[in-house]
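The exercises below ask the reader to work from the sequence and the coordinates. Each task is followed by its solution in steps.

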Amino acid sequence: MSLAVVQQAEFDAYSQEYEAALSQGLKYSGEGPGYFARKRIEWTARLLERCEGQSAQVLDFGCGVGLATEELNRAFGELDLWGYDPSIQAIARATQQFGGANARFTADETELPAGTIDLAYTNGVFHHIPPAARANALRIVHNSLKPGGWFAFWENNPWNPGTRFVMSRVPFDRDAVTITPPEARGLLREAGFEIERTDAWFIFPKSLAWLRPLESLVHRLPLGGQYLVLARKAEEAS
């Protein structure tokens, strides 16, 4: 089953009002989409600095209208960025706003480079992919990565009541099939990835921002509104 077939129509409809639709749910947290994007990407960059340094070639898988582009460049420096999304209209917006010599966007999975990507990043994408099509989506990511390349798999945490509340108020999230952290790790292992670690962030809304420093003490527990499974494509045998 083509990933483009299962997602294109849904997100073409929101390509011009994606930010407004997302903000409709996130307003209950007191933060906008930019806050969460910045924190996700900053944490991903911090982990990769500890592991093996910054990445030069990045794939934003399920990039939508390209809203993560500026944060990825800010966190990782000069990038060779690929953005993939099956929504043709979303890709048109991303290309118009963020496209350039070092930022290319496509709705055609066959245009993605094979075996050269240092880091694949995805956020809140896989709960929109029907379960039967998720293995194929992970195959696309796995094939794009170089041996030893990293996959930062961010998803909404269905174990968090606040997440379920927010998703019920985002038009394109209401019918999504969520993925728990153990399910995500299982999917990634089945796709050939090695699991490095799992973290969860975004426990406290803006009204309780003074408590946010506590998240650094419990981020390895599945409490936050979103979680990261950091995985890796196996190195080639010598």
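**Exercise 1: an enclosed strand**

Eight of the eight residues of strand β7 (residues 226-233) are buried, so β7 is largely enclosed by the rest of the structure. The model is predicted: local features need pLDDT of at least 70, side-chain atom pairs count only at pLDDT 80 or more, and totals for chains, interfaces and linings use all residues. Residues are numbered from 1 along each chain as its sequence is written, and side-chain values use heavy atoms, with hydrogens and water left out.

Task: find which residues lie on each face of β7, and which strands pair with β7.

Step 1. Buried means under 20% relative accessible area, exposed over 50%, and partly exposed in between (1.4 Å probe, protein chains only). Strands (E, at least two residues) and helices (H or I, at least four) are DSSP runs, numbered from the N terminus.

Step 2. One side of β7 carries Gln 226, Leu 228, Leu 230 and Arg 232, the other Tyr 227, Val 229, Ala 231 and Lys 233, and all are buried.

Step 3. Two strands pair if DSSP finds at least two bridges between them. Strand β5 (residues 145-156) pairs with β7 in the antiparallel sense over seven bridges, and Phe 151 stands opposite Ala 231. Strand β6 (residues 193-201) is also antiparallel to β7, over eight bridges, and Phe 193 stands opposite Lys 233.

**Exercise 2: aromatic rings**

Task: classify the pair Phe 151 and Phe 153 and list the cluster that ring pairs form.

Step 1. Rings of Phe, Tyr and Trp (its six-membered ring) pair if their centres lie within 6.5 Å; planes under 30 degrees apart count as stacked, over 60 as edge-to-face and the rest as tilted.

Step 2. This rule gives nine aromatic pairs. The ring centres of Phe 151 and Phe 153 are 5.8 Å apart and the planes stand at 85 degrees, so the pair is edge-to-face.

Step 3. Phe 151 is buried at 0% relative accessibility, and Phe 153 is buried at 2%.

Step 4. Ring pairs link Phe 61, Tyr 84, Phe 126, Phe 151, Phe 153 and Phe 193 into a cluster.
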